[in-house]
Amino acid sequence: MSRNATTKTFNVSNSEKYSALKYNIDNDKKLKVIYNGLVSQTKENILNKQDNLRKKLKIKDSSYIIGNMARVESQKNPQLFNNIAHKAYSDRKDIAFIWIGDGSLKNKVQQNSSDNTYFLNFSEKNSNYLSEFDGYISTSDYEGLPYSPLEALQEGIPVLLSDVVGHDEIVEDGVNGKLYNPDNILVNIQELYDFIDWSKTSDKQAIKKSVTDKFSIDNMILEISSEYLV
């Protein structure tokens, strides 16, 4: 479709564009990168997000909550999420893992989860629980440019993302999060613990700024409009 039926194809990240070029999907002149954008936070929607995830799931105040919000499908690699949670649970009991989302693999991974792992259905109310995470983790095998990590950053929540297409343009190492090798995380689980330690003293305002400067809805609309209104 890109090669034969369009005059321009948008990519949501540079790494997605490079991947398209690598597999000869189209030529460089027809591909344009326009980042996904987020609507700015308002006082009203911040108030609407206030809830109590710990109370709902009976998680101790002293526990660190790290979670994901995504479809429970193979692309998102929920089995790796489960395996990381299992590995962490064998070492320490002060980390809670939460996955918000639905999908064809949900029942399977939920049945194989450990006591420190919680799966919530996707709904507007449950999606608001994202703002109560202490950290955000993604185990995806590939992405374009996912919204959920951006939404976490908008809340000032640091992210720990698999080093794959789509994630590498979100993370500013040591500012808003870390990238990890998904093939090595179970061997080097210390990466998770180091991220948690770092996140507890991270600069929330710098984390928020990293997404508002780069991934705004206004910039996205302006760039898309400029392509159609020439």
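Visitor: Which backbone atom does the side chain of S13 reach at 3.0 Å?

Guide: The side chain of S13 reaches the backbone oxygen of G144 at that distance, 3.0 Å. A polar contact here is a pair of N or O atoms within 3.5 Å; within protein, one must be able to donate a hydrogen and the other to accept it, and residues adjacent in sequence count only if both atoms are side-chain atoms. This is a predicted model, in which local features need pLDDT of at least 70 and side-chain atom pairs count only at pLDDT 80 or more, while totals for chains, interfaces and linings use all residues. Residues are numbered from 1 along each chain as its sequence is written, and side-chain values use heavy atoms, with hydrogens and water left out.

Visitor: Where is S13 found, and is S13 buried or exposed?

Guide: S13 is found in the loop between β1 and α2, where helices (H or I, at least four residues) and strands (E, at least two) are DSSP runs numbered from the N terminus. S13 counts as buried because its relative accessibility is 0%; buried means under 20% relative accessible area, exposed over 50% and partly exposed in between, with a 1.4 Å probe and protein chains only.

Visitor: What about V12, is it buried or partly exposed?

Guide: V12 lies in that loop too, between β1 (9–11) and α2 (14–22), but V12 counts as partly exposed because its relative accessibility is 23%. Leaving aside neighbours within four places in sequence, V12 is in contact (heavy atoms within 4.5 Å) with V33, I34, Y35, N36, G144 and L145. With neighbours up to four places away likewise not counted, S13 touches V33, Y35, G144, L145, G166 and E169.

Visitor: Which side chain joins S13 in a polar contact of 3.3 Å?

Guide: That is the side chain of S15, a residue of helix α2. S15 counts as buried because its relative accessibility is 9%, and its side chain also reaches the backbone nitrogen of G166 at 3.1 Å. Not counting residues up to four places away in sequence, S15 touches V165, G166, D168 and E169.

Visitor: Changing topic: what is the strand order of the open sheet?

Guide: The six strands run in the order β5-β4-β3-β6-β7-β8, with parallel pairing. The edge strands, each pairing on one side only, are β5 (117–120) and β8, and the twist averages 20° from one strand to the next. Two strands pair if DSSP finds at least two bridges between them.

Visitor: How many bridges join β7 to β8, and how many join β6 to β7?

Guide: Four bridges join β7 to strand β8 (residues 177–180), with V159 opposite G177 and L161 opposite L179. Three join strand β6 (residues 135–138) to β7, and on that side I137 stands opposite L160.

Visitor: And which way do the β7 side chains point?

Guide: In strand β7 (residues 159–162), V159 and L161 point one way and L160 and S162 the other, and all are buried. In a regular strand the side chains alternate between the two faces of the sheet.

Visitor: Which helix makes a β-α-β unit with β6 and β7?

Guide: Helix α8 (residues 147–154) does, and the unit is right-handed; with the strands pointing away from the viewer, the path from the first strand over the helix to the second then runs clockwise.

Visitor: Which strands does helix α5 lie across?

Guide: Helix α5 (residues 78–91) lies across β3 (64–69), β4 (95–100), β5, β6 and β8, running at about 165° to β4. Helix α8 also packs on the sheet, touching β3, β6 and β7, and its direction makes about 160° with that of β7. Axes are lines fitted to C-alpha atoms, for helices over the stretch in contact, and angles run from 0 to 180 degrees between N-to-C directions.

Visitor: Last one: which residues touch the most other members of the largest nonpolar core?

Guide: Of its 28 residues, those are L53, I98, F133 and Y136, a nonpolar core being a set of buried Ala, Val, Leu, Ile, Met, Phe, Trp, Tyr and Cys residues joined through side-chain atoms within 4.5 Å. At least two residues of this core come from each of α4 (53–57), β3, β4, α8, β7 and α10 (204–212). A second, separate core of 24 residues includes W99, L160, I189 and I196.
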